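Here's a quick walk through the fold, sheet by sheet and helix by helix. Keep the viewer open and follow along.

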Amino acid sequence: MSNRIIVGFSYNIDINNLVFELFLKEIYLYFFIQLIIMDIKGSTNIVGLIGHPVEHSFSPPMHNAAFDALGMDYTYVAFDVDPNNLKSAVDGAKSLNVRGFNVTIPHKIEVMRFLDEIDEVARLIGAVNTIDFKNMKGYNTDGIGAVKAIEEVTSIKNKNVVVAGAGGASRAISFYIAKYGADTLTILNRNVEKATSLSEDVSASNLIDDVKSDSISKINDYLNDADILIDTTPVGMHPNINDEPIAKSDDMHEDLAVFDAVYNPNETVLLKEAINAGAKPVYGINMLLYQGAESFKIWTGREAPVDVMETALRDVLNL
């Protein structure tokens, strides 16, 4: 018997089993080629994503394309972290000199316990999606991602904004909408109590004076005076792409900007209605893009190559 070490695992192998020997050699060659392609060195900086699960994430190709374009010695990896192991994952990453993490469900709230500092708006939101290990500080870039996507189409300042949904995405976006100077904010949800609770929290931040809440069934009562409609619900998300939209084209006007946080499919049922109405669609992929670009800047101190990141995202999503 001979002992082989292949990518960190030890195997006892019968040397006469040539087929198995060749198979293992192919595995070794594959990983060796991957290391060459990725150009991993002893100096390579590690950033990544923690969540449970993470297999669905589009962040690794987006960020790695950005690092490659700028010639930066970084690599981005997704880590599936069981909730019971969250503290040890954060402590271990700090010890291993990991530069930064993105944080996705179910860790966005619980991870705050293990950080030294929380950004002001992230604290108001009550959730973190980005960690900078330089100072163990947590940020939330979801809201700024949505704001930048919307502001490609229209300014938020002094606008009347309607937000559908009262979950985590709505919370992150609502605080940033308030921070960026909206005149009024109306939060609509099937569970009106949740909408009211969120509206009270946003109002208590003193970032905005006029915050209301109501049932999403009354959305049509608010669209005529709205400048921006933001949908943070999962309506129309793959595979339920033919869901009934939260609003129809007949209830929209041409000056309305319509943002759907769903990015799969790219053109949701709501955005199709917006296009039919002659309104201005804002695609969910842009929120994903800009929140990633903001995280990139937090970790590296450099502006992200947004065009490169967008191309990588579109390739992954087959757009």
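The protein has 11 helices and 14 strands, where helices (H or I, at least four residues) and strands (E, at least two) are DSSP runs numbered from the N terminus. This is a predicted model, so local features need pLDDT of at least 70 and side-chain atom pairs count only at pLDDT 80 or more, while totals for chains, interfaces and linings use all residues. Residues are numbered from 1 along each chain as its sequence is written, and side-chain values use heavy atoms, with hydrogens and water left out.

Of the 319 residues of the protein, 48% count as buried (under 20% relative accessible area; exposed is over 50%, partly exposed in between, with a 1.4 Å probe and protein chains only). Take the contacts in the protein with a separation of 6 or more: residues 24 or more positions apart account for 66% of them. Contact here means heavy atoms within 4.5 Å.

Two strands pair if DSSP finds at least two bridges between them. For angles, axes are lines fitted to C-alpha atoms (for helices, over the stretch in contact), and values run from 0 to 180 degrees between N-to-C directions.

Strand S3 (residues 45–51) is worth a click: six of its seven residues are buried, so S3 is largely enclosed by the rest of the structure. S3, helix H2 (residues 59–70) and S4 make a right-handed β-α-β unit. Right-handed means that, with the strands pointing away from the viewer, the path from the first strand over the helix to the second runs clockwise.

**The parallel sheet**

The other sheet to look at is an open one of six strands, with the order S11-S10-S9-S12-S13-S14 and parallel pairing. Its edge strands are strand S11 (210–215) and S14, each pairing on one side only. From one strand to the next, the twist averages 20 degrees. H7 packs on the sheet, touching strand S10 (184–189) and S11, and its direction makes about 175 degrees with that of S11.

Which way do the side chains of strand S13 (residues 257–260) point? Ala257 and Phe259 point one way and Val258 and Asp260 the other, and all are buried. Val258 stands opposite Leu229 on one hand and opposite Pro281 in S14 on the other. The chain crosses from S13 through helix H9 (residues 269–277) to S14, and this β-α-β crossover is right-handed. Ala257, for its part, stands opposite Lys280 in S14.

Here are some strand pairs from both sheets:

| S3 and S4 (residues 74–80) | parallel | seven | Ile46 and Thr75 |

How far apart should the ends of helix H6 (residues 168–179) be? At 1.5 Å a residue, its 12 residues should span 16 Å, and the end C-alpha atoms are 17 Å apart, which agrees. The expected span is 1.5 Å times one less than the number of residues. Buried residues in H6 include Ile173, Phe175, Tyr176 and Ile177. After H6 comes Gly181, whose phi is positive, near 90 degrees.

Two packed helices are described by the angle between their axes and the distance between the axes. For H6 and helix H7 (residues 192–204), the angle is about 35 degrees and the axes are 10 Å apart. At the contact, Ser170, Arg171, Ser174, Phe175 and Ala178 in H6 meet Leu198, Asp201 and Val202 in H7.
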